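Hi,

Here is the structure I promised to pass on. Have a look at it first, and then read my notes below.

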Amino acid sequence: MSVELLENERLDELHRNGYFIIQNPRKFCFGMDAVLLSGFVHVKPQETVLDLGTGTGIIPILLEAKTPGSHFTGLEIQPESADMARRSVRYNKLEDKINIETGDIKDASRRFGASSFHVITTNPPYMTDQHGLTNPNEAKAIARHEILCNLEDVIRESARLLKPQGRFYMVHRPFRIAEIMVLMHQYGIEPKRMQLVYPFVNKEPNMVLLEGLRGGNPRITVEKPLIVYKEPGVYTDEIYDIYGY
């Protein structure tokens with residue numbers, strides 16, 4: 001199937017079900033964090049999933065390939081990214097399983113309605129506006145910094161959107177774990193599972209994967225650490241498995 005590529009766009013293979021994704025490296029490309037989140041998420045048959053801040057649609061496309069969920073929706077505020085996501089969905093012939101909406105996370109519960117999804121996923125901006133922000137109008141800045149939404153917006157809307165006992169999945173930075181946990185508890189999403197991601201076994205973690213349950217009882221499981229590299233340039237077996245190589 002042919003695909004329309006705009007200036008500076010490219011078509012990248014995802015090594016899952018023969019799927020590809022359209023990206024523009026001058027804007028923003030998905031990173032390992034999105035791939036690791038897709039490997040951490042559990043989606044059951046007949047469940048519906050909403051990805052908040054979907055970017056170019058990487059998480060819905062990977063989850064469609066990896067899980068038996070019935071339908072996947074991506075919400076993205078940047079029109080150019082949402083357009084790339086839609087074209088990737090069409091290229092992979094996934095229109096019946098994935099739809100991409102252009103809109104604001106802060107309005108998500110009004111757009112979709114309360115208690116609408118079994119699963120919420122999100123790879124939100126990690127940095128506050130105090131963390132080295134340079135140009136707030138750039139697509140990369142919007143993806144990385146809390147310019148158009150903040151952590152509380154994401155968690156508040158997720159709590160409203162989840163069905164009772166629905167599951168919330170997020171990838172973020174460890175330095176904000178305390179803030180994340182407080183907000184999840186405040187909005188009725190009980191932290192249930194956490195995994196720290198380390199670039200090397202002797203380095204500090206640089207990512208955290210979290211699962212929460214709307215209306216869950218207090219009890220969290222901390223999974224064994226996920227190590228990315230066993231030596232420079234060589235992934236561990238766990239990472240190769242998540243990527244599907």
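One term before the rest: a crossing of two helices is called right-handed if the near helix is turned clockwise from the far one by less than a right angle, and left-handed if the turn is anticlockwise. Please also keep in mind that this is a predicted model.

With that term in hand, start with the two helices α1 and α2. α1 passes α2 in a right-handed crossing. Their axes cross at roughly 35° and come within 9 Å of each other. On the α1 side, the residues that take part are Ala34, Val35, Leu37, Ser38 and Gly39, and they meet Ile58, Ile59, Leu62, Leu63 and Lys66 of α2. By type, that contact is made up of seven nonpolar residues, two polar and one charged.

Both helices are well covered. α1 covers residues 32–40, and eight of these nine residues are buried, so the helix is largely enclosed by the rest of the structure. The buried ones are Met32, Asp33, Ala34, Val35, Leu36, Leu37, Ser38 and Phe40. α2, residues 58–66, is mostly covered too, with eight of its nine residues buried. Here the list runs Ile58, Ile59, Pro60, Ile61, Leu62, Leu63, Glu64 and Ala65.

Although Glu64 is among the buried residues of α2, its side chain makes a polar contact of 3.2 Å with the side chain of Lys97. Lys97 sits in the loop between α3 (79–91) and β5 (98–102). Thr73 is 24 residues from Lys97 in sequence, and the two C-alpha atoms are 8.4 Å apart in space.

Now to the strands. β6 takes in residues 117–122, and five of its six residues are buried, so this strand is largely enclosed by the rest of the structure. Which strands does β6 pair with? One is β3 (residues 48–52), which pairs with β6 in the parallel sense over four bridges. Within that pairing, Leu52 has Thr122 as its bridge partner in β6. Another is β7 (residues 162–172), which runs parallel to β6 and is joined to it by five bridges. There, the bridge partner of Val119 is Arg167 in β7.

Last, two backbone angles to check in your viewer. Most residues other than glycine have a negative phi. Asn17, though, has a phi near 55°, a positive value. Asn17 is found in the loop between β1 (10–13) and β2 (20–23). With a relative accessible area of 53%, Asn17 is exposed. Ser115 likewise has a positive phi, near 55°. Ser115 belongs to the loop between α4 (108–112) and β6. Its relative accessible area is 28%, so Ser115 is partly exposed.

Cheers

Conventions:
Residues are numbered from 1 along each chain as its sequence is written. This is a predicted model: local features need pLDDT of at least 70, side-chain atom pairs count only at pLDDT 80 or more; totals for chains, interfaces and linings use all residues. Side-chain values use heavy atoms; hydrogens and water are left out. Buried means under 20% relative accessible area, exposed over 50%, partly exposed in between (1.4 Å probe, protein chains only). Two strands pair if DSSP finds at least two bridges between them. A polar contact is a pair of N or O atoms within 3.5 Å; within protein, one must be able to donate a hydrogen and the other to accept it, and residues adjacent in sequence count only if both atoms are side-chain atoms. Axes are lines fitted to C-alpha atoms, for helices over the stretch in contact, and angles run from 0 to 180 degrees between N-to-C directions. Contact means heavy atoms within 4.5 Å. Ala, Val, Leu, Ile, Met, Phe, Trp, Tyr, Cys and Pro count as nonpolar, Asp, Glu, Lys and Arg as charged, and the others, Gly among them, as polar.
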